[in-house]
Amino acid sequence: MTTDVNYLRARLPSVDKLLNNAALTDLLDLHGHNCVRDATRDLLAELRTAVGEGDGSAAALLLSDDLTEELCLRVRRRFSARSNTALRPVFNLTGTVIHTNLGRSALPQEAINALLTAASGPVNLEFDLDTGRRGERDAHLESLLCELTGAEAATVVNNNAAAVLLVLQALAPGKEVILSRGELVEVGGSFRIPDVMQSAGCVLREIGTSNRTHLRDYANAINPQTGLLMRVHTSNYVIQGFTTRVADSELAALAHAHDLPLVNDLGSGTLVDMSRFGLAREPTVAESLAAGADVVTFSGDKLLGGPQAGIIVGSRVLIDRIRSHPLKRALRVDKFTIAALTEVLRLYQDPQRLAQRLPVLRDLTRPLVDIQNCAQRMLPVFASHLGNLARVSVRPCRSQIGSGALPLNTLDSVALAIEPLAESAGDVELQRLALALRRLPVPIVGRIRDGAILLDLRCLRDEKELARQLKELSL
Ligand SMILES: *Cc1c(COP(=O)(O)O)cnc(C)c1O
């Protein structure tokens, strides 16, 4: 047995010999010598161990005539598997337009161009071209944000979770923050308001009940330890029925009478009234400020349709305090965010054309008949590739906006429904088909509902590419 193992191991070529094989030349060019050498070394070591452990398939490989060829192939495969771990484009046919796990919003072309410029070389990120001195990175966005929201001042951080953390830590360290029990929100990804308060070093002072909070509840809670009054948008849920909610203006008046700031975390936050696009009405950032909020925070990449960012707008005095807090330095945005967000905000200066130019809004307002036509074109394509295994049909469905924005405002849409023919295999077959779609070079991601894979076509733009992908389907 021992001789066998030694014999088998002796058949393995050396690392150098394998690296000199022509089949690996392009890999060496692409990934560099060290990287390919290490992968080759790992592969040979694994095979050496495997034959030692009596692995039959490893032994068979080492005895085969085209051993070298097969080894080269396996090295190559390691690199193609490796490139699978990077961010890859996917088809979002989940029916959730702003899908956090799929990177939320696609950016408008103007923003993509600006990203390329910022990535390609030096830019005046913190450099004042008039004076030749150090500039302020927020300056690029501040005037636009003030123009669009009516705020006196604005600053931007990494995301809205960071914005809330920073605002609390800068404005109410060690102090009580008064918040209605109806607004104790948990946003996906373990962002829970009580935990954020705690990590910001604030003491959460819950008031009222889940469904009803009155102005007197706020008034009774105010004491010398109070740091600020807070309002959090209940992004991903709605409390309906017997409810009472204090108006922003009343709450602001109460806060100001006690010399306290009112902070409003709007979550998704919109700059224009979405009802003009047929979506549910939400208070805009400007309205919230006009009602008396001193600081408003919102996301750059939810309904706004821009890059990941947390936007903080409000009074000059408070924004200055927030901006000069040491945590701001840790949470500041990079040149890419500033480049892309500026371009997205510029589109908002022309709301008339926004729905054509901003991809998120284009998807959210896509006419139903357009999606239906798309489904009719894609149906035969899917049927021809899946015909033997599954029944493909066109089915009405509802898209979600996503990211907790407007949770009740689902949109009429159309899906392709893929149902496996092998009924006995049921769920296993369904999962297998869904996996095959996700394993395509450009993965297709849908959702599974009632024994079918649903591919909501609302966000499908490149039908040709989708058809091309299906040719690669291996089942
Ligand atoms: C989504 C959301 C956040 C977090 O925003 P991110 O940009 O995802 O960090 C915070 N507060 C509310 C109310 C939200 O809806």
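1. Start with Ser299: an N or O atom in its side chain sits 2.5 Å from an oxygen atom of the ligand, which is a polar contact (a pair of N or O atoms within 3.5 Å). Arg104 also uses its side chain, with an N or O atom 2.9 Å from a ligand oxygen. Asn160 uses a backbone N or O atom instead, 3.1 Å from an oxygen atom of the ligand.

2. Before going on, remember this is a predicted model, where local features need pLDDT of at least 70 and side-chain atom pairs 80 or more, while totals for chains, interfaces and linings use all residues. Residues are numbered from 1 along each chain as its sequence is written, and side-chain values use heavy atoms, leaving out hydrogens and water.

3. How many residues surround the ligand? There are 13, counting those with a heavy atom within 4 Å; Ala161, Ser235, Asp265, Ser299 and Lys302 are the closest. Helix α9 (160-171) and strand β10 (262-267) are the elements giving two or more residues to this shell; helices are DSSP runs of H or I with at least four residues, strands runs of E with at least two, numbered from the N terminus.

Definitions and conventions
A polar contact is a pair of N or O atoms within 3.5 Å; within protein, one must be able to donate a hydrogen and the other to accept it, and residues adjacent in sequence count only if both atoms are side-chain atoms.
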